[in-house]
Amino acid sequence: MEGLIVGASNYVTILMAAMYTYWNFRCFGVDEERRDRYLKRQNRMMFLIHFLSFSVMFLKTGDERLFPFYGAQAAFLWCFLALYGKCYRSRCKLLANNMCFLLSVGFIILTRLSFDKAIRQFGITVCSAVAAWLIPFVIRRMWQLSRMAWVYAAVGLGLLAAVYVAGDASYGAQLSLKLGEVAVQPSEFVKITFVFFVSAMFYKSTDRRQIIVTSAVAALHVVVLVLSKDLGSGLIFFVTYVFMVFVATSDWIYLVLGFAGGCGASVAAWKLFAHVQARVIAWRDPWADIDNRGYQITQSLFAIGTGSWFGLGLYQGMPGKIPVVEKDFVLAAVSEEMGALFAMCVLFICLGCFIQFMMVACEMEAMFYKLVALGLGVEYIVQVFLTAGGVTKFIPSTGVTLPLISYGGSSVLCTFILFSVVQGLYMLKREEEEDYEAGY
Amino acid sequence: MRPDIKREKRRKREKTPKQKADRSILGLVYLIVALFLGLMGYVGYFLAVSREDVINNSYNARLDNFSKTVERGKILSSDGTVLAVTEEAEDGSEVRRYPFGPLFSHVVGYSARGKTGLEALGNFYLLTSHTNPVSQIGEALTGRKNPGDQVVTTLDVRLQQAASDALGDKKGAVVAMEPASGRVLAMVSKPDFDPNGIADIWDSIVSEEGQARLVNRATQGLYPPGSTFKIITLLEYLREHPEDYDQYQFDCQGKITYGDYTLRCYHGTVHGSQTLKEAFGNSCNGAFASLGLELDKKGMADTAGQLLFNGEQPLSLAYSKSRFSMGEDAPDWEVLQTAIGQGLTQMTPMHCLMVTAAIANGGTLMNPYFIERVENAFGEPVKSFEPTVYGSLMDGEEARILRDMMAWVVTDGTGSALRTEAYTAAGKTGSAEFETGKETHAWFTGFAPVENPRIAVTVVVEEGGSGGQTAAPVARQLFDLYLGQADGE
């Protein structure tokens, strides 16, 4: 009987996630009143999925620590939605909903994978939520943000250089800086300063000289990342920059140049770096070296394949067999136990967030804000694509995490900042409109 | 219309930078959405099509969890006889029973102490249930396990029994397959063991010295190929002398002396004047040793490589790679030895069978396979496997010449044990020395009927003496049974 409940819960969860996803996309084309109704339903679905998943986990483990932890998570999600609404009346509710949905999925899967890590992650999430609280407020009041291009560049490059010089290596890449007990991943923060830098530069001017200077500084970011062997971040920065130049100038030549340059750089990286070759070999034929280089990706494929469309159910698979499953390969764990359909819903929600970002970008009148929303959105979705493509062997694994779901403090804090900046821009626009309507 | 209004209109038609930027953003959204749909499509394809092949892997520990909800399915012979079945013991625990005891011990394998043979190969199918979803939910409600799918093999019980009986108490291996399809019909390795209760007898089996019962000699046993290797030497000679191979002449004195070394024909037989066909058919060592010296060493190594030496074999069971190590700087003595299948060359019986089957099939090797189809517990089809081509090991003309020469071995040469009115047969015998003072390993590899080969067999009898006297009769029994059985139908 217990088996049936656990088994059926997966189908129910997937159905609810599908409904959540459906309403997400329905929201894009309806009036405000109906949208609010859909958004309320989304909240209900999210809390139900969260509750059901924790019930299953309790049935499977009998671990009583799950009760208070569930309560704390549910309370946090509820408070976040309610307080955000109270403080920021004109917020983008859909974006807030989606953040909470992705966070709840992250809580579920991390609790499943490692209770201790989940606790840690939860603590960091709460702190991040509080810290990111002020950001929309700042965005709305500080026009000076667009005048500090070189400050962003200095901070960004300084942080990256510090990692290169003094960083700790993990899995062959230098990613983190030790600050006392805490390991910080500066590249996550630099993602934000980078977008602000490029936006500020192009806001000032998009003449040739400005583009060359900006490109040089952007290239420097990427080079330092590649030298630190953080290829995933390097790629994210690169793609983001190319799209930002393209949108800023509306000139196709930059897109063509960018991608030609990207292909050239990829070939050069393949020739120069052994770890790039290892990644590509592991991607092309992981079965030939299943004990070493191919181990992680084959275990991930086993997880996704064995879980199949509907998943094995929480605590019924073996996601622990995949190395670093709670970070880069968290999507494989979601797919294995909660079902590939569920994982696809998660990806569609990420895509929904991206589309929302782009809608904000389109609504912005000032080029600076437009580029900020665009750049952050591209960074976000490229990262999602790299991690999803990596775990499914669609593309070589680049070792990046799935924002808001993977384990990692810097990542969750920066994603909060990222979403909050876009929220700030959204509110800016809404308030302008309201002011206009009110006849000021 | 006033001019400034005109200008105004034109200005409106041209896009502002903001509009241009927004159009670029829209293009970007389309691109990203397309990428994600591509990714989802790829994942969907993976789950719908390649999933089963991928996850049915011994590195996938998750499959063991399936046994919690599914009762391991049956393994059946090609005619539906049960080779392995899971039954409930009196105490409610599950027991895997093998009705034929030791007969299929290596090829079907066991699942109680690790998994081997078809138990490993078909593990995923055996632990997957394709009964109808309603009854699956019913079983889940009542807490019973779903019955796993059954694997129907290509194995023929009568052939397997005959091969085992013919080998008797001798150590060795017998393998048989259909050359045109690659269906493996029988695979016997001796000494064998009883997979029923393998866990209980495990310690005594592994502590036994000099037996290696658990090793499947058919695919993992590396033996010097002896004179069966002359097939490969002959093929290389044909390649180097495509026009004048039938001009070959050798005068056999029963031994050949080269420097300090002397090499004898089997039992010192003096063959006298020999053509190439006669030298092959009588297995004249002198002729092949001298012929071997003429051959291009690089070409020989290439041909051996093409015939799957030192490389991967298209086998889904655990196997050993055959070894051919003669390099371009090999001394003459090594060349002599290698040409007659002694020296450092080592080969598994299954590999020898694949080469033989390719000759029988006009040069094309079919991938050997063991699983004919998968059915659900009620015999309804789930999945079936078709013959697949591995590739060409030699061209059709080479295969034809080899086939004719191997037929002559039976009609006029060392393969006399297979002479019969009932059908035509082709083959090659071998008596491989492996340790001074011990009897030779007896080899036979061949196929029948010559014109339209339906079965290929390779036999190795360890320390069996002469291939023609010990190994060939084993093959004879399989041919008689298989070809007679089909005629009787």
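**Entry 1: domains of chain A.** I began with the C-alpha centres of domain 1 and domain 2 of chain A, which lie 24 Å apart. The assignment gives 2-144 + 277-438 to domain 1 and 148-272 to domain 2 of chain A, and such bounds come from an automatic or database domain assignment. I note that this is a predicted model, in which local features need pLDDT of at least 70 and side-chain atom pairs count only at pLDDT 80 or more, while totals for chains, interfaces and linings use all residues. Residues are numbered from 1 along each chain as its sequence is written, and chains are lettered from A in the order in which they are written.

I then looked up the contact between the domains (two residues are in contact if their C-beta atoms, placed from the backbone, lie within 7 Å), and found 24 residues of domain 1 of chain A against 28 residues of domain 2 of chain A. On the domain 1 side, helix 16 (367-391) of chain A gives the most, with twelve residues; helices here are DSSP runs of H or I, at least four residues, numbered from the N terminus.

**Entry 2: chain B against chain A.** This contact takes 30 residues from chain B and 37 residues from chain A. Helix 2 (17-55) and helix 6 (133-142) of chain B each give two or more residues to the chain B side, and helix 2 of chain B gives the most, with 22 residues.

**Entry 3: nonpolar cores.** I searched for cores, meaning sets of buried Ala, Val, Leu, Ile, Met, Phe, Trp, Tyr and Cys residues joined through C-beta atoms within 7 Å, where buried means that 20 or more other C-beta atoms lie within 10 Å of a residue's own, and exposed that 12 or fewer do. The largest has 261 residues, and A:Ala373, A:Leu425, B:Ala163, B:Val174 and B:Ala176 touch the most other members. Helix 15 (residues 340-363) of chain A gives the most to this core, with 17 residues. Both domains of chain A give residues to this core, so it lies between them.

**Entry 4: helix 3 of chain A.** The 22 residues of helix 3 (residues 66-87) of chain A should span 32 Å at 1.5 Å a residue, and the end C-alpha atoms are 31 Å apart, which agrees; the expected span is 1.5 Å times one less than the number of residues. A:Tyr70, A:Gln73, A:Leu77, A:Leu81 and A:Tyr84 are buried in this helix. Seen down the axis of helix 3 of chain A, its buried residues fall within an arc of 90°, so they line one face, the arc being that of the directions from the helix axis to the C-beta atoms.
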